[in-house]
Amino acid sequence: MAKLNLLTVLASTSLINIALAAYSLADSYTASNFFDSFIFFDGKDPTNGFVQYKDLKTAAKSGLIAIEGSGDNAAVYMGVDHKTKDPAGRASVRISSKKSYNHGLFLFDIEHNPGSICGTWPAFWLLSDSGKWPVGGEIDIFEGVNEQSDNKMTLHTTPGCLIKNTDFSGKVETPNCDVNAPGQGANMGCGILYPKGKAHSYGKSMNAVGGGVYATMWTSQDIRVYYFPRSSIPKDITMGKPDPAKWGMPAAKFAAGCNIDQHFSGLNI
């Protein structure tokens, strides 16, 4: 299951220099408006997972989604049917925002995520609605499968987008963002693994510290991903005035050999 406290999108009023960038609130997805702001996908899983995605009404009735708590402590719950052994696949949810974005600062507060166990595949992506994947691009901010212990951040694109191992703390696993890149597995894209064993970035270890906040900054120059465990969330974020210039080195930075605006546009959460 996943338990989310807040998903915030901010628009930049200056994308020329990170040190000068100023952000204003564009959208805030909280317990009060979350499910009304997303579309529930209920078709066959495009990635051929052993799962049956449910619509909003069915998911609510089955307890796959809920609002837990109240007031400022309210959180969004999304989970899988972990009781029924269905030969067609377990019931679950896959959602996408009704609104699409071009650039921005995305803050995602995760209180709890599925543990690092066999059969799980939690993910938080920004994905084009072009219908011709990977045209328009895909930004995987938070993702893991089965017993994975550390978060993996990935871009998926058409040909012509590469990254270099510089100015971030993670480890490049695959450098070519093209989903058909020679020498890489099918649909791999360019992936950066969070530094192993550090900061509790995914699964059981992340839950053990009460979760944390993922922040993704998408500009014309690059795409950066930061992660802050619950005890280390910067004050500027908790105060509602995020300032990436103060956050230090990101866990991932996708830049160098990629024209960001050419490969990424009109992305839904």
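Analyst: Begin with exposure. A residue is buried under 20% relative accessible area and exposed over 50%, with partly exposed in between. Keep in mind that this is a predicted model.

User: Is Cys 118 buried or exposed by that rule?

Analyst: Cys 118 is exposed, because its relative accessibility is 66%.

User: Now the bonded cysteines. How many disulfides are there?

Analyst: The general idea is a distance test: two cysteine sulfur atoms within 2.5 Å make a disulfide. By that test there are two disulfides. One joins Cys 161 and Cys 258, with 2.0 Å between the sulfur atoms. The other joins Cys 177 to Cys 190, S to S 2.0 Å.

User: What is the pairing when the bonded cysteines are numbered in sequence order?

Analyst: The pairing reads 1-4, 2-3.

User: Take Cys 161 and Cys 258. Why is their disulfide called left-handed?

Analyst: Look at the torsion about the S-S bond. For Cys 161 and Cys 258 it is about -100°, so this disulfide is left-handed. The pair links distant parts of the chain, 97 residues apart. Cys 161 sits in the loop between β13 (152-156) and β14 (171-174). Cys 258 sits in the loop between β18 (252-254) and α4 (260-263).

User: Are Cys 161 and Cys 258 buried or exposed?

Analyst: Apply the cut-off again. Cys 161 has a relative accessible area of 0%, so Cys 161 is buried. Cys 258 is at 12% and therefore also counts as buried.

User: What is the handedness of the link between Cys 177 and Cys 190?

Analyst: That link is right-handed, with 85° about the S-S bond. Cys 177 and Cys 190 are 13 residues apart, and their pair also links distant parts of the chain. Cys 177 lies in the loop between β14 and β15 (190-193), while Cys 190 belongs to strand β15 itself. Cys 177 is buried, because its relative accessible area is 0%. Cys 190 counts as buried at 0% relative accessibility.

User: Which side chain does Arg 224 contact?

Analyst: For a polar contact, look for a pair of N or O atoms within 3.5 Å. Here the side chains of Arg 224 and Asp 222 are joined by a polar contact of 2.9 Å.

Key. Residues are numbered from 1 along each chain as its sequence is written. This is a predicted model: local features need pLDDT of at least 70, side-chain atom pairs count only at pLDDT 80 or more; totals for chains, interfaces and linings use all residues. Side-chain values use heavy atoms; hydrogens and water are left out. A polar contact is a pair of N or O atoms within 3.5 Å; within protein, one must be able to donate a hydrogen and the other to accept it, and residues adjacent in sequence count only if both atoms are side-chain atoms. Helices (H or I, at least four residues) and strands (E, at least two) are DSSP runs, numbered from the N terminus. Buried means under 20% relative accessible area, exposed over 50%, partly exposed in between (1.4 Å probe, protein chains only).
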